[in-house]
Amino acid sequence: MTQRHFQRRRLHSKSWCLFVGFQFVEMSSRKLKSNNLKHSECLSQVQRILRERFCHQSLHSNLFGVQVQYKHLIELLKRTAIYGESNSVLIIGPRGSGKTMLINHALKELMEVEEVSENVLQVHLNGLLQINDNIALKEITRQLNLENVVGDKVFGSFAENLSFLLEALKKGDRTSSCPVIFILDEFDLFAHHKNQTLLYNLFDISQSAQTPVAVVGLTCRLDILELLEKRVKSRFSHRQIHLMNSFGFPQYLKIFKEQLSLPAEFPDKLFAEKWNENVQCLSEDRSVREVLQKHFNVSKNLRSLHMLLMLALNRVTSSHPFMTAADLMEANQLCSMDSKANIVHGLSVLEICLIIAMKHLNDIYEEEPFNFQMVYNEFQKFVQRKAHSVYNFEKPVVMKAFEHLQQLELIRPMERTSVNAQREYQLMKLLLDNTQIMNALQKYPNCPTDVRQWATSSLSWL
Amino acid sequence: MKSRQTYSWVGRPLLDPKLHHQTYREMSVKVEGCSTELHIHVGQFVLVEGNDDENPYVAKLVELFEDGSEPRSRKRARVQWFIRFCEVPVCKQHLLGRKPAAQEIFWYDYPACDSNINAETIIGPVQVVALAPDEVIPTDLKNEKTLFVKLSWNEKKFSPLSPELFAQLEKLQEGSPRCQKSVEAKTKNIESPSCTTAERAVKRVESRHSSSKSRPAPTHPVTPRARKRLELSSSPRTPNTRISRQTSWASPDSPRRTKRKAALSEITSPSKRSQPDGLQTPSPARKAPEKTGEIQRRSCAKDDKKVSAERHMTLRPRVPALKTTVLSEERRLTPTRGGRRSSMVPSVILIPENIRKREAEEPEAQDEAVSSRHHTSRKSSLLTLNQIKQQLRFLGKSESDSEDEEFLPAAEIPDSSSEEEEDSTSPLPRTPSGASRNLRSSTKLSLQTPSKTPKKTPKPRTPHHATPRIRSRNLAAQEPASVLEEARLRLHVSAVPESLPCREQEFQDIYNFVESKLLDQTGGCMYISGVPGTGKTATVHEVIRGLQQAAQANDVPPFQYIEVNGMKLTEPHQVYVQILQKLTGQKATAIHAAELLAKRFRTQGSSQETTVLLVDELDLLWTQKQDVMYNLFDWPTHKEARLVVLTIANTMDLPERIMMNRVSSRLGLTRMSFQPYTHSQLQQILGSRLKHLRAFEDDAIQFVARKVAALSGDARRCLDICRRATDICEFSCQKPGSPGLVTVAHLLEAVDEMFSSSYITAIKNSSVLEQSFLRAILAEFRRSGLEEATFQQWLVMFLLE
């Protein structure tokens, strides 16, 4: 009784202490309130600015190492816009190398010239959206506002659309009609259209005395010219602008710094200064450099850098206002995470056992496909001889686990499932690699030792 | 729809001493299954069957004769053609310089055109109005079958009608506007000056009718005057009408007309006496019980007769004048009914429809009346003038019909004439009293009329050739400032040189081929092959340009040039649509177009010139059945087609490779192959383009010519390289004022840029992981010796590295 009383008093005193502590915190927070509020506001501002920078291709960022290509492109577009000279050009570069950014920059600069902005029409097409020429023609007609020209008679059949558009473009000449800039994103997909009609006609217009056009194609395929038919190829001017991500690691670091640092027009100057200082520190940190080097070695793509920074940025909170090296490392881990291994972590022991059985089958038969019966036999062998912790499940239960693996797409049937085929004998293939299985097993929580042993040494069981 | 028509001569034949065949003045067309006949006279305007059912040919009948030379004598006719705008070759339509009116036709002043036609192709008469050059073509016409001629067309240009021609046409229009004007002037003196004659006529008629039926007239605000007169008794009104009639009788034209009638009356055949007008002849149809409307009308006519009994006496001498109006009504009906549907319905039954139409038109007609009365602006007066003219033209055409009526019982005349006199004024404003009178009969008849006279609603026409275009720029394009810019402009592929160097031989061959076909007026095919950029299309264009100039200078007969490109079609069969549209301006589906073209090229057309057809990118017209190619090559083999087909493709052995035997056999052996340009030719081309322009070093030109000739011989490539080199040159020399010459170094850079493979730089610039990936693939390839490897195998190699 006394003990209990004592306990209660202790509890009481504890709560009092807590209360006092809370009061203290409240007092101090009141003092810091304005400061803190400002702090969190600043942080949300930072996150907004940086996220915008990472997600959208903002036109404010500088061009890295593509000045020569940029000048080439802008000269070409200007000649179309001002002299009415038809041109065609392809911008080629791997994903994330800044092709779209380059053309957007060029168009922005072009449109800032007053005499040009009223005179130029733009048509933006994307090979992923305009999947055939008919859709593309309709889109061109729409973007050129030609549907307003002739009242009711628009968008007839494909043939009508084509002749309509060709007629429209044929009417113009170099000096009097408005130049049109065609931008074809995912250019290689247009090359798969039937007969390449659209490309032929666009290039043909660019090579004849009709309405001046500039055809700008963006693609990441280096062999794009081989995709073009010979007469289409002959009409293309063979101007190519290559964007190659040709920067080294020092530039990569510079880009990293520039991407993270806050602009000078940030409202809270003090915070921005501190933030930028921190970024500078980060770029000099050894572990950060290691992370970046690893990332750089995997991919020079700036988008993947953005992804990394985004993940790191998400860890920034008001209690943790500045990015640290640990954040970046964590983000890197998240980036390079293997999703399949993660799925394996969530499997039951039975399912793990089945996967190990499949692994052994793969080792024995050298990547030959297996069926359920083989896997079950292998599993039976293990259970009967060596297993201590694994319960000998009935066949239907094992079958159920097997089907679950199939649902998770860790195994895949070799051919389509037919209705009357016996499921036990359907040939399957394992979609996991040996190293993936071993790695997953090591991280698997509470993995029975005999299972782990079985996984490492297969042949000794036979 | 089409009923059989029998054609027979009317009147005695006049033997032409010179031509040894019998000429006639008149022809009658009898439609089977119908009691009516259509009479067509020399001098009338007629519609002639053509390729297009919608728009038959228009012509003026010059002569009707029996061709006795052949074993079976045939009815022939000589005509003077008119041409519709849609028949003018599409490429020349722009010469008009304006949009043609919907019913405008052109005097076809082209003697080479065959004017001798089979008389049985004549569909029926049509009304054609000649307009002075300054007259406006009326647009809002009640009668859509009236056509207007204002200009003549001689295959080269549109020109106004010559004065004598105009006078001739004008003369044909019996009862010219001048005569009507005088009537107008006279009646104006009698009645109030603000009213038009036609209106007055209407009122007169109405008043007579309403009084005869002694029915109270409905009130209407627009025509108070008419109403006032209706309240008067018939006796004071009669003098009034008499006066107006006499004025028209006394009009200067009338004596002439009667004279002509007298002259014509002797050739009238007795067969014509059975007049189609059921009202005037006691035909069995009249007694048919279902024709209640007719009976009803007759009943009302009867009391009309009684009232106007004493008027017949006075009317008798004026019969001709009345008759013309009767016939004008008849004529007005014939073009629409007899002509178009080639069946004639007795006019009695037609009347209710007329009335209904009139009722529908009434509100606008009244508006018109109001406007014309209130402000007699030039336009409205012109409009009415035209309408009057149009009316009178019917009188002119029907003049020879009129003598038949003289045999008719006089008692019928007042009735029908009063009825029809009103109809003759149909294009003019109508007063409600007249309409409501007609309403009575029309409502009774409405049950039976729809089946007999389906109302024709003209479809609203959409613009046939909408011409879309990219909007023009606000600011003029800058002209090149520097030498390099000028050079770049000249080097652009689109810049058309004055002459094509290095293709003289090919040019001459194609030119000779087409020219000979044109001169012989035959057809033929030619196949031209060559790799891209060797000037095939450019040479053909050059040939056509030369031939067109020759045609203008009358060295070769004129021809029509059509170009189609296989790449600019969505589907091979669309080629028919394109050809048809460029040939005639018609639009049709692919199947229909193929039929029309086949018909056109396989049958003798009335006015055809040789057609030169260029088919570019022929290989894309390949279909499973090869029917498109077959047709293209089959048409020229017909003698009537006069079609020259020039085909272009890239592969030399295309006929052997993809065509069936029967197709390649029709293509024939006239082949031509364009060889890739050699370096000296390329050099010459560049030199001719850069004539008198010092922008390139001579060595540089030679360098690029040799380079391209070694690679492909594609002239486009050559020009593009040079153009790029000017860019580089401009770019590299910093001082804008003094651009140097384009040197070999610049060209080398341009060539490198275009032809060098970018793989090496791409690999060099890829990330470490990507590079090691490639290395692993290479290692795996070395290990296995196979060109294919699975990812798993590769991964092993990758991890080994």
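Is Asp634(B) buried or exposed, and with what relative accessible area? Asp634(B) is buried, at a relative accessible area of 8%; buried here means under 20%, exposed over 50% and partly exposed in between, with a 1.4 Å probe and protein chains only.

## Ground rules

This is a predicted model, so local features need pLDDT of at least 70 and side-chain atom pairs count only at pLDDT 80 or more, while totals for chains, interfaces and linings use all residues. Residues are numbered from 1 along each chain as its sequence is written, chains are lettered from A and ligands numbered from 1 in the order in which they are written, and side-chain values use heavy atoms, with hydrogens and water left out.

## Around Asp634(B)

Asp634(B) sits in helix α21 (residues 627-634) of chain B. Helices (H or I, at least four residues) and strands (E, at least two) are DSSP runs, numbered from the N terminus.

Leave aside neighbours within four places in sequence, and Asp634(B) is in contact with Arg602(B) and Arg666(B), contact being heavy atoms within 4.5 Å. The side chain of Asp634(B) makes a polar contact of 3.1 Å with that of Arg602(B) and one of 2.9 Å with that of Arg666(B). A polar contact is a pair of N or O atoms within 3.5 Å; within protein, one must be able to donate a hydrogen and the other to accept it, and residues adjacent in sequence count only if both atoms are side-chain atoms.

## Where A meets B

Chains A and B bury about 6,000 Å² between them, 52% of it on carbon and sulfur atoms. That area is the accessible area (1.4 Å probe) lost by two parts on being put together, summed over both. Tyr83(A), Gln207(A) and Arg231(A) supply 11% of what chain A buries against chain B, more than any other three residues. The contact draws on 77 residues from chain A and 57 residues from chain B.

Between the two chains there are seven salt bridges, each a side-chain nitrogen of Lys or Arg within 4 Å of a carboxyl oxygen of Asp or Glu. Asp727(B) and Arg79(A) pair up this way through their side chains, at 2.9 Å, N to O. On chain A's side, α6(A) gives the most, with 10 residues.

## One face of α15(A)

Over in chain A, helix α15 (residues 325-335) has Ala325(A), Asp327(A), Leu328(A), Ala331(A) and Asn332(A) buried. Seen down the axis of α15(A), its buried residues fall within an arc of 155 degrees, so they line one face of the helix; the arc is taken from the directions from the helix axis to the C-beta atoms. Their cover includes α11 (249-260), α12 (269-284), α13 (286-298) and α14 (302-313) of chain A.
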